[in-house]
Amino acid sequence: QVQLVESGGGLVQPGGSLRLSCAASGSILNVYTMGWYRQAPGKQRELVATFTNYADSVKGRFTISRDNAKNTVYLQMNSLKFEDTAVYYCNARNKYVVGAQYWGQGTQVTVSS
């Protein structure tokens, strides 16, 4: 069982920055493809970033990174906009087992003036 724990969300003004963290249980980063998703109220969950792809809406503003020693994946979010407000989820997708994936509990990001 893989456990993912997100942190770092909060309230920020437009133009501000936040860094989200996703701490994974165990050394899974080489077995799982990691990514960040978000879900805004009334909308479907959408991909934000993986290590090979960014949503067009966040390109140039968000950066995904990892620290293998800490089994942690980060999402640095800069130049935040109102429309970035959502619950952000960390996702781990097994590279070798189709359909095997895990989600964190989510962390709220609110961009408001």
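**Exercises on salt bridges**

Asp56 and Lys59 form a salt bridge whose closest N and O atoms are 3.0 Å apart. The model is predicted: local features need pLDDT of at least 70, side-chain atom pairs count only at pLDDT 80 or more, and totals for chains, interfaces and linings use all residues. Residues are numbered from 1 along each chain as its sequence is written, and side-chain values use heavy atoms, leaving out hydrogens and water.

**Exercise 1.** State how many salt bridges a search of the whole structure finds, and classify Asp56 by accessibility.

*Solution.* Step 1: the criterion is a side-chain nitrogen of Lys or Arg within 4 Å of a carboxyl oxygen of Asp or Glu. Step 3: buried means under 20% relative accessible area, exposed over 50%, and partly exposed in between (1.4 Å probe, protein chains only). Step 4: Asp56 has a relative accessible area of 65% and is exposed.

**Exercise 2.** Determine the accessibility classes of Arg38 and Glu46.

*Solution.* Step 1: Arg38 pairs with Glu46 in a salt bridge, with 2.7 Å between the closest N and O atoms. Step 2: Arg38, at 5% relative accessibility, is buried. Step 3: Glu46, at 36%, is partly exposed.

**Exercise 3.** Identify the network to which Arg61 and Asp84 belong.

*Solution.* Step 1: Arg61 and Asp84 form a salt bridge, the closest N and O atoms being 2.8 Å apart. Step 2: both Arg61 and Asp84 are buried. Step 3: through salt bridges that share partners, Arg38, Glu46, Arg61 and Asp84 are joined into one network.
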